[in-house]
Amino acid sequence: MSRYDLNSLQSDLRKELGNGLTEENVKLVKDLMSRYKSDPRDWKDKEKWSDVKYTRTLLDKGNGHYNLMILCWNVGQESPIHNHPNSHCFMKTLEGVVHEELYKKPDMTSCQCSCGCKMEKIDDRDYAIDNVALITDGVHRVGNRSHVDKAVTLHLYSPPFTTCHKYDDNTSKEMEVPMGFDQDFSGRCCGTSCCS
């Protein structure tokens, strides 16, 4: 029996999400992401590292129905507090341990300062290698808390998005920011099909 590699996962995702993500196939996508067991041979050549920020490498545009990407988290790097409105996010840890903090916006009427209130952390959790998370309609921060080891994650966003909302930690002010990619492998072939 052949190994269920990243190309196999990409091929299955393209089949299952050919008409987009529905409530009926959310569990199936999470199961497919879980079925794939991280193997650096599948993704090491797609890593891109920065000392300044985490990086985003696009693997597949999913016929416009989703984006599949690899994120590389250098030591101590994290995202800002953000959301991806109207998009499901599946996140799988490929290397290291990734930390997620969940937030909610404070009730602005109870703020002591006219400049705003701090974002309220409501939960946090760690994801080790091969753990899969499903994030929907939440406000969160993701990052690598280690000061020794790097981390790599695989993300699927459906539908894809070009902007997200980030929140100031101290004032909870919201700002729309554009999202881009540090590398784009989506036009290259994976297995028997091209991922564009």
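View 1. Between Glu-78 and Arg-141 the closest N and O atoms are 3.5 Å apart, and the two form a salt bridge, defined as a side-chain nitrogen of Lys or Arg within 4 Å of a carboxyl oxygen of Asp or Glu. Glu-78 is in the loop between β2 and β3 (81-83) and Arg-141 in strand β8, so the pair ties together parts 63 residues apart in sequence. Strands (E, at least two residues) and helices (H or I, at least four) are DSSP runs, numbered from the N terminus. Residues are numbered from 1 along each chain as its sequence is written. Because the model is predicted, local features need pLDDT of at least 70 and side-chain atom pairs count only at pLDDT 80 or more, while totals for chains, interfaces and linings use all residues; side-chain values use heavy atoms, with hydrogens and water left out.

**View 2. Arg-145 and Glu-101.** A salt bridge joins Arg-145 to Glu-101, with 2.9 Å between the closest N and O atoms. This pair links distant parts of the chain, 44 residues apart: Arg-145 is in the loop between β8 and β9, Glu-101 in strand β5 (residues 98-104). Glu-101 is buried at 9% relative accessible area, whereas Arg-145 is partly exposed at 49%. Through salt bridges that share partners, Glu-78, Glu-101, Lys-121, Arg-141, Arg-145 and Asp-169 are joined into one network.

**View 3. Lys-15 and Asp-12 in helix α1.** Both residues lie in α1 (residues 6-16), three residues apart, about one turn of the helix. Lys-15 is exposed, with a relative accessible area of 60%, and Asp-12 is buried at 18%. The structure holds 21 salt bridges.

View 4. Val-98 lies in strand β5 and is buried, at 0% relative accessibility. Leaving aside neighbours within four places in sequence, Val-98 has contacts (heavy atoms within 4.5 Å) that include Met-91, Arg-125, Tyr-127, Val-142 and Ala-151. The C-alpha atoms of Val-98 and Trp-73 are 8.6 Å apart, and the two residues are separated by 25 residues in sequence.

**View 5. The six-stranded open sheet.** The strand order is β7-β4-β9-β2-β1-β12, with mixed pairing; two strands pair if DSSP finds at least two bridges between them. The edges are β7 (132-136) and β12 (183-184), each with a single partner strand, so one side of each has no neighbour in the sheet. Strands β4 and β9 run antiparallel and are joined by seven bridges. Phe-90 stands opposite Leu-156 in β9.

**View 6. The largest pocket.** Its volume is about 370 Å³. A pocket is an open set of points on a 1 Å grid over the protein atoms alone where a 1.4 Å probe fits, with protein on both sides within 12 Å along at least five of seven lines; lining residues have an atom within 4 Å of a point. The lining has 26 residues, of which Tyr-54, Arg-56, Ser-79, Pro-80 and Met-179 lie nearest the centre. Strands that each supply at least two lining residues include β1 (55-60), β4 (88-95) and β9 (151-158).

Notes
Points joined across faces, edges and corners; volume = space filled by probe spheres on them. Buried < 20%, exposed > 50% of the residue type's maximum accessible area, 1.4 Å probe, protein only.
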